[in-house]
Amino acid sequence: MSAFVERLQRQHLATVKPYVSARRSASGGTVWLNANEAPTTPAASTQEQWFRYPDFQNTALNQAYADYAGVTREQILSCRGSDEAIELLIRSFCEPGQDAVMITTPTYGMYAISAATHGAQVVDCPLQAAEDGSLQLATEAMITRCLDRTQAKIKLIFICSPSNPLGNMVKTRALERLLDAVGNEALVILDQAYIEFVDSNHPQFDSAALLARYPQLVVLRTLSKAFGRAGLRCGFAIAAPEIIAVLSKVIAPYPLPSPTISEATHGLSCEAIMVMQQQLQRIAEQRERLIAALQQRAWVKKIWPSTTNFVLVNVADAQSLVQRCQQQGVLIRDQSSQPGLPQCIRISIGSADDITRLLEVLPA
Ligand SMILES: *Cc1c(COP(=O)(O)O)cnc(C)c1O
């Protein structure tokens with residue numbers, strides 16, 4: 001194992017022997033009597049039989065995602081959504097009551113929540129306004145804090161790009177500067193839940209190239225957003241095999257349910273990926289339509305540039321707007337509790353009909 005991964009992982013994990021399930025310990029064979037499974041699924045609702053435990057990691061699924069992402073299967077861990085990957089990273093690398101994670105608010109809420117439930121400290125290094133008006137990494141402050149040995153050790157740095165809730169990308173040069181300067185002192189977690197919505201020429205789209213340059217990088221992906229499969233609970237951690245090995249010790253023995261594995265694998269077929277990409281086009285059209293309509297309304301103070309399937313909007317009165325929409329049956333999200341985002345709402349881009357209905361309900 002790379003020395004730095006061994007050094008960063010929670011120390012007791014070095015001697016923890018992972019549970020070896022029946023499915024992992026023996027393969028092949030024609031008569032399987034080693035897992036206390038039933039011989040059939042009584043009254044199954046479909047043709048499929050569910051009496052077998054699923055694989056620990058399904059080869060076809062992981063290979064399909066590896067092919068899609070341009071990495072090798074050894075770099076992939078499939079999990080119950082990328083939310084589980086966030087939790088696994090914290091459970092694997094942060095000593096409770098001792099180590100810390102770094103977040104950059106405003107950002108995705110689960111990093112801090114997962115850290116808190118695990119007793120890891122949360123160090124916030126808020127994004128700062130860049131010249132172009134976007135919020136960007138406070139790179140030098142992040143580096144200084146990460147290398148400060150007098151405070152709780154930062155083991156994980158969570159960066160959301162494209163950002164939820166902002167909708168923009170962090171600057172690639174800032175990301176590279178951070179990775180270069182922090183080196184092997186912490187893992188950098190690049191949450192790419194919305195990467196499919198980004199132009200494929202963008203340097204961060206090629207996360208395989210970034211991973212090849214930076215062994216301390218962990219990329220998080222999901223089938224919940226562009227792939228339209230949030231209900232399946234399927235996400236991926238992509239990282240050096242040494243990091244995947246540590247997470248594999250901590251993840252449950254049968255993480256993904258069989259129906260999830262089969263539908264997720266189906267969703268990663270070449271044909272399904274093409275259909276997914278066509279939907280991206282329609283979502284972008286509806287996003288632009290919504291933005292154009294919002295620009296006409298006086299109560300809209302600012303529309304944050306978005307490369308994603310949502311738009312963040314600064315409004316005169318976020319709370320009453322959200323309430324008004326809810327009373328008409330249209331749910332949008334108030335982001336005002338996020339540091340730095342007072343009077344901001346986040347609107348997801350649904351179908352054309354959804355956006356039509358939203359525009360009817362919004363004040364003129
Ligand atoms: C939605 C979202 C996730 C969680 O995705 P799941 O795979 O459904 O758990 C993670 N990160 C960000 C930034 C998200 O917006």
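This is a predicted model: local features need pLDDT of at least 70, side-chain atom pairs count only at pLDDT 80 or more; totals for chains, interfaces and linings use all residues.
Figure 1. Helix α6 spans residues 139-146, and its buried residues are Thr139, Met142, Ile143, Arg145 and Cys146. These residues cover an arc of only 165 degrees around the axis, which puts them on the same side of α6. In an α-helix there are 3.6 residues a turn, so residues three or four places apart point the same way.

**Figure 2. Buried face and opposite face of helix α12**. Within α12 (residues 318-327), the residues Ala318, Leu321, Val322 and Cys325 are buried. Viewed down the helix axis they fall within an arc of 95 degrees, so they line one face of α12. The cover over these buried residues includes β11 (310-315), β12 (333-334), β13 (344-348) and α13 (352-361). Gln319 and Gln327 are exposed, and they are carried on the face turned away from the buried side of α12.

**Figure 3. The ends of helix α12**. The N-terminal end of α12 is capped by aspartate 317, a side-chain oxygen of which lies 3.4 Å from the backbone nitrogen of glutamine 319.

**Figure 4. Lysine 225 and its contacts**. An unreviewed UniProt entry annotates Lys225 as "modified residue: N6-(pyridoxal phosphate)lysine". In the model, lysine 225 is placed in the loop between β8 (217-222) and β9 (235-238). The relative accessibility of lysine 225 is 30%, so this residue counts as partly exposed. When residues up to four places away in sequence are not counted, lysine 225 touches Ala193, Tyr194 and Phe197.

**Figure 5. The salt bridge between glutamate 185 and lysine 153**. The closest N and O atoms of this pair are 2.9 Å apart. Glutamate 185 lies in the loop between α7 and β7 (187-191), and lysine 153 in the loop between α6 and β6, so the pair ties together parts that are 32 residues apart in sequence. Glutamate 185 is buried, with a relative accessible area of 19%, whereas lysine 153, at 29%, is partly exposed. Both residues belong to a network of salt bridges that links Arg7, Arg149, Lys153 and Glu185. A search of the whole structure finds 15 salt bridges.

**Figure 6. The salt bridge between arginine 213 and glutamate 176**. The two side chains meet at 3.0 Å, N to O. The pair links distant parts of the chain, 37 residues apart: arginine 213 is in helix α8 (residues 207-213) and glutamate 176 in helix α7. Arginine 213 has a relative accessibility of 47% and therefore counts as partly exposed, while glutamate 176, at 19%, counts as buried.

**Figure 7. The salt bridge between glutamate 288 and arginine 287**. Side chains of opposite charge can pair when their charged atoms come close. Here the side chains of glutamate 288 and arginine 287 meet at 2.9 Å, N to O. Glutamate 288 is partly exposed, with a relative accessibility of 40%, whereas arginine 287 is buried, with a relative accessible area of 10%.

Note on methods:
Residues are numbered from 1 along each chain as its sequence is written. Side-chain values use heavy atoms; hydrogens and water are left out. Buried means under 20% relative accessible area, exposed over 50%, partly exposed in between (1.4 Å probe, protein chains only). Helices (H or I, at least four residues) and strands (E, at least two) are DSSP runs, numbered from the N terminus. The arc is that of the directions from the helix axis to the C-beta atoms. UniProt positions are given in the numbering used here, feature names are shortened, and annotations may be inferred rather than shown by experiment. Contact means heavy atoms within 4.5 Å. A polar contact is a pair of N or O atoms within 3.5 Å; within protein, one must be able to donate a hydrogen and the other to accept it, and residues adjacent in sequence count only if both atoms are side-chain atoms. A salt bridge is a side-chain nitrogen of Lys or Arg within 4 Å of a carboxyl oxygen of Asp or Glu.
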